[in-house]
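Please look over the sequence and the model, then read the points below.

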Amino acid sequence: MKIVFATNNKNKLSEIRDILGSDFEIVSLQDIGCHADIPETGSTLEENAMQKARYIYDNYNMSVFADDTGLEVDALGGAPGIYSARYAGGEGHDSEANMTKLLGELGENNNRKARFRTAIALILKEDGNGNITEKLFEGIVRGEIIKERRGGEGFGYDPIFQPEGYDRTFAELGPDVKNKISHRARAVARLVEYLRKSGT
């Protein structure tokens, strides 16, 4: 099955392709010639994911899924949340600046509990009766924010996030382990289960 993943983030694309395997042909926004700055003006991860998926479906008439992921830190009232990618401000995704700001905000606070949450919005092309299918899937992994960066794998906040049940960060665990236990892996597993059950 050919389906658009509404992203140009190479790390995310690689991660998703590894998780989905050969049953699905995943194409990126660049692959379909979409160079638009798709708006993300929702107040939740779910709204942002569906906004991106609808944009692609409406403009390219292709089955699509889109994700939005946030790091939610208890001691910061759930921040950075939907602002995770641009937490430190400025243009683009500056992971180093984002981690520096987050560690600074937490300071010596002993409540380091956090969770990564991914929302995936799926829109499938019309069936013979003119119906489209819209679904939302969620994946959560709980853990804690450690006090200093560790590990060279992964991206984003991976060097400072240690998942529950592990003594290493996502950046130390590497992609093989991360792709089995991550928030995105859990959301994608629900997406794939749905696609297979629906016979798509």
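A salt bridge here is a side-chain nitrogen of Lys or Arg within 4 Å of a carboxyl oxygen of Asp or Glu. The model is predicted, and a search of the whole structure finds 16 salt bridges.

**Salt bridges**

- D31 and R17 form a salt bridge, with their closest N and O atoms 3.6 Å apart. Because D31 lies in the loop between strand 2 (25-27) and helix 2 (45-60) while R17 lies in helix 1 (residues 10-20), the pair ties together parts that are 14 residues apart in sequence.
- D31 is partly exposed, at a relative accessible area of 49%, and R17 is partly exposed at 37%.
- E72 and R117 form a salt bridge in which the closest N and O atoms are 3.2 Å apart. E72 belongs to strand 3 and R117 to strand 5, so this pair ties together parts that are 45 residues apart in sequence.
- Both E72 and R117 are buried.
- R150 and E172 meet through their side chains in a salt bridge of 3.1 Å, N to O. This pair links distant parts of the chain, 22 residues apart, with R150 in the loop between strand 6 and strand 7 and E172 in helix 4.
- R150 counts as partly exposed at 27% relative accessibility, and E172 counts as partly exposed at 28%.
- One network, joined by salt bridges that share partners, takes in K12, E15, D67, D158, K178 and R184.

**Strand pairing**

- Strand 5 and strand 6 pair in the antiparallel sense over 12 bridges. Within this pairing, T118 stands opposite G139 in strand 6.
- Strand 6 and strand 7 also run antiparallel and are joined by three bridges. The bridge partner of G143 in strand 7 is P163.

**Nonpolar cores**

- The largest nonpolar core has 18 residues, and those with the most contacts inside it are L71, L102, I145, Y157, I160 and F161. Two or more residues each come from strand 3, helix 3 (95-106), strand 5 (113-124), strand 6 (133-145) and helix 4.
- Helix 3 gives the most to this core, with four residues.
- Beyond four places in sequence, the residues that L71 touches include L102, F116, I145, Y157 and F161.
- Another core, of 17 residues, lies apart from it and has L20, I26, I120 and V192 among its members.

**D68**

- D68 lies in strand 3 (residues 64-73) and is buried, with a relative accessible area of 7%.
- The side chain of D68 makes a polar contact of 3.1 Å with the side chain of N48.
- Leaving out residues up to four places away in sequence, D68 touches E40, L45, N48, A49, K52, R117, T118 and A119.

**T169**

- T169 sits in the loop between strand 7 (161-163) and helix 4 (170-181). T169 is buried, with a relative accessible area of 0%.
- The side chain of T169 reaches the backbone oxygen of R150 at 2.8 Å.
- Apart from neighbours within four places in sequence, T169 is in contact with I146, R150, D158, P159, F161, Q162 and P163.

Key
Residues are numbered from 1 along each chain as its sequence is written. This is a predicted model: local features need pLDDT of at least 70, side-chain atom pairs count only at pLDDT 80 or more; totals for chains, interfaces and linings use all residues. Side-chain values use heavy atoms; hydrogens and water are left out. Buried means under 20% relative accessible area, exposed over 50%, partly exposed in between (1.4 Å probe, protein chains only). A polar contact is a pair of N or O atoms within 3.5 Å; within protein, one must be able to donate a hydrogen and the other to accept it, and residues adjacent in sequence count only if both atoms are side-chain atoms. Contact means heavy atoms within 4.5 Å. A nonpolar core is a set of buried Ala, Val, Leu, Ile, Met, Phe, Trp, Tyr and Cys residues joined through side-chain atoms within 4.5 Å. Two strands pair if DSSP finds at least two bridges between them.
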